Amino acid sequence: MSCKESFLDLEPKGRVIVQSTADYDLMLNAAGLVTNGVDVGVPMGDEVIAFDDYFSSASTRSQRLFKWDDVIYDEGIFATEMSALMTNLYTYNKIITEVMSATDGTEAQKKSILAEAKANRAWTNFMLINM
């Protein structure tokens, strides 16, 4: 009632709608899918020591992680590493759900992208669980 059906067939300008196997491959290998900002384990590692000059100038988050405090973030502070990992999970789930119905590419290419997305999703879930 509100608009013609042809209105929904318009592709947005300046945006890529993922349809081909190559698009899913690019999506999987995007620079943003690395674990940006996920350095929680570094200050908590057994091999890390802290000198007072460094430790006193480190962020509150790093100091709390180093001391294994119960509370790492103050109320209202957003854990950026969680945001990056959750965004990655969304992307991996989209690839896993849609890549096999991509418009081109061989079955082997699609299965390869699917397997890589599943492995990366498992690794991301592992990192979330450990945090």
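The stops below say what to select and what is there.

**Stop 1: the whole chain.** Keep in mind that this is a predicted model. Colour by secondary structure. The chain has 6 helices and 0 strands. Read from the N terminus, its elements run α-α-α-α-α-α.

**Stop 2: the surface.** The chain exposes about 9,600 Å². Carbon and sulfur atoms supply 56% of that area. Of the 131 residues, 27% count as buried.

**Stop 3: contacts across the sequence.** Now consider contacts between residues at least 6 apart in sequence. Of these, 59% join residues at least 24 apart.

**Stop 4: helix 1 and helix 6.** Select residues 21-28 for helix 1 and residues 107-130 for helix 6. Hide the rest. How do the two axes lie? They come within 10 Å and cross at roughly 25 degrees. Angles under 35 degrees count as roughly parallel, so helix 1 is roughly parallel to helix 6. The crossing of helix 1 past helix 6 is left-handed.

**Stop 5: the residues between them.** Which residues of helix 1 meet helix 6? Select T21, Y24, D25 and L28 on the helix 1 side. Their partners in helix 6 are Q109, K110, I113, E116, A117 and N120. Colour this set by residue type. The contact divides into 4 nonpolar, 3 polar and 3 charged residues.

**Last look.** Bring the whole chain back. Keep helix 1 and helix 6 highlighted, and find their left-handed crossing again.

Notes
Residues numbered from 1 in each chain as written. Predicted model: local features only at pLDDT ≥ 70, side-chain atom pairs only at ≥ 80, totals over all residues. Heavy atoms only, no water. Helix = DSSP H or I, 4+ residues; strand = E, 2+ residues; numbered from the N terminus. Buried < 20%, exposed > 50% of the residue type's maximum accessible area, 1.4 Å probe, protein only. Contact = heavy atoms within 4.5 Å. Areas by Shrake-Rupley, 256 points an atom, 1.4 Å probe, with all protein chains shown as cover. Axes fitted to C-alpha atoms, helices over the stretch in contact; angles between N-to-C directions. Parallel < 35°, antiparallel > 145°, perpendicular 65-115°, else oblique. Left-handed = near helix turned anticlockwise from the far one by under 90°. Nonpolar A, V, L, I, M, F, W, Y, C, P; charged D, E, K, R; others polar.
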